[in-house]
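Here's a quick tour for anyone meeting this structure for the first time. Have a look at it, then read on.

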Amino acid sequence: MFLLEELRPLAGPGVPAAASGVRLVEDLGLIAGQPSGSVLVLTGAASRQAAGYRLDVALRDAAAAGAVALVLTAAAAESTVDRSAAALAERGGVALLAAGGDLAELVVAIDRAIAGDAAEALVRTARAAEAVTRAGGVPERIAEAAGAALGLPVRADGGAFTASAHDPAGTHFERATGIVLRLAALAAAAGPADELPGRSRAQLLTELLVAPEKQAQELAPRARAVGLPIDDWHVVLRLEPASDPDPASDGGQERYALLETAASRAVRAARELGGAAWNAALAGDALVVVRSQRRDQGRAGLREAVRDAARLLDRVRPAGAELRCGVSTAHQGLVGLRTSASEARTALRRSSLPLATYDLAGLDRMLEEWYASDAAQHAVRELLQPVLDLGGERAAHLLAILRAYLDHNGSPARAAEELHLHRNAVSRNVRRIETLLQADLDDPRQRLALQLACRAASSR
């Protein structure tokens, strides 16, 4: 917060957001090119230009540039702000301010105020960091130490920390609080000082996969603190030796050495593939590689995961050894991670192929046979004829929307993501489809019939 006595609010946010610097602007046409987070001080000449619709344009440009404030100076600072400019300032989050006096002194005063906010936040952050590291890894002591240094209450809830911030979002103090809370979570994840050194990500991943579910849930805060993206969508690749070890050798040690060699290469090779977060761990008698993404990528994402699995097999395979890989479908969160790991194991058990993908009891193959049947084509004509009668691209567009909507359990948002449409467009077209087909998509039987018909239509 840099608001000074020299500045008089005219419109926009009552307290400007955190600023990164101050810029003197001599021409309104230069506003759009200013750095984000700036306080833009207009010279007298520029301020006189900023009248009527030109002020509206200046506020739009300031909002587009990410400016936190626009300061009118000289005589123009005394002018009133019309309703249009006030609305633009409020909507764009740009504080419209007025100031008189010496222009150079004003710019210096604003610059000092901005630097002072940042300096004070930095002092608090340093003080809190020192206190948190002395708290011995105990969450309650960490919360108390962080709160005392920041000057606001901090609460510990397992491995997560929250604070009752009294500063507006986006200020230097609000950012400092976020940094300290993150540091507190990391300190808690390391455990008490008399505990063994904190577990690595790979060790934690192993425990999350093999521990009883209740214990895995208790480990979740620590996993988040060390950067495991357990709340994302996961596809699991399970790698195992293609053949049993030589009976004359120490089979267990040979198998473990093979997997350990593959594990040492796995994450580095996986990260070169890009597009996802990758983590690997030895779990039981296999190497488990987890491919995590923020959103469900649908079938296209699964096809990409299978391609990545094939490339990964080539990169991590030790010389003279063969590995097999099972690929799961995508599931979200900690429970989803464990489900994906189980599916990858099942894929390997059901197939002898070097690269096996999870298929729900052969359901895809069964459906493909049905799609090719006369019964399926009759169902398509009977159920979808009003849409098919639209012909060409219009029919194909509506069928794609209906299929995505049904595949995503009636979620317009997720269907919109898959189709790259606005969710309102999906909802509007789904209502149109219901009218055309005289269907009730809340009826589970009608929903299933239409979903199968859509798939059969797209397979023709």
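Aspartate 407 is partly exposed, with 25% relative accessible area. In this predicted model, aspartate 407 pairs up with arginine 403 in a salt bridge. Arginine 403 is also partly exposed, at 23% relative accessibility. Both residues sit in helix α14 (residues 392-407), 4 residues apart, or about one turn of the helix.

How many salt bridges does a search of the whole structure find? It turns up 10. Here are some of them, with the gap between nitrogen and oxygen:

| Salt bridge | N to O distance |
|---|---|
| Glutamate 304 and arginine 291 | 2.8 Å |
| Arginine 403 and aspartate 407 | 3.4 Å |
| Aspartate 443 and arginine 445 | 3.9 Å |

The pair of glutamate 304 and arginine 291 ties together distant parts of the chain: glutamate 304 belongs to helix α10 (residues 298-316) and arginine 291 to strand β10 (residues 286-293). Arginine 291 is buried, at 2% relative accessible area, while glutamate 304 is partly exposed, at 30%. These two also belong to a salt-bridge network with Asp308 and Arg311.

Now for helix α3 (residues 83-92), where Ala85, Leu88 and Ala89 are buried. Looking down the axis of α3, the buried residues fall within an arc of 100°, so they line one face of the helix. Their cover includes β1 (8-11), α2 (53-65) and β5 (95-98). On the other side of α3, Arg83, Glu90 and Arg91 are exposed.

Note on methods:
Residues are numbered from 1 along each chain as its sequence is written. This is a predicted model: local features need pLDDT of at least 70, side-chain atom pairs count only at pLDDT 80 or more; totals for chains, interfaces and linings use all residues. Side-chain values use heavy atoms; hydrogens and water are left out. Buried means under 20% relative accessible area, exposed over 50%, partly exposed in between (1.4 Å probe, protein chains only). Helices (H or I, at least four residues) and strands (E, at least two) are DSSP runs, numbered from the N terminus. The arc is that of the directions from the helix axis to the C-beta atoms. Contact means heavy atoms within 4.5 Å. A salt bridge is a side-chain nitrogen of Lys or Arg within 4 Å of a carboxyl oxygen of Asp or Glu.
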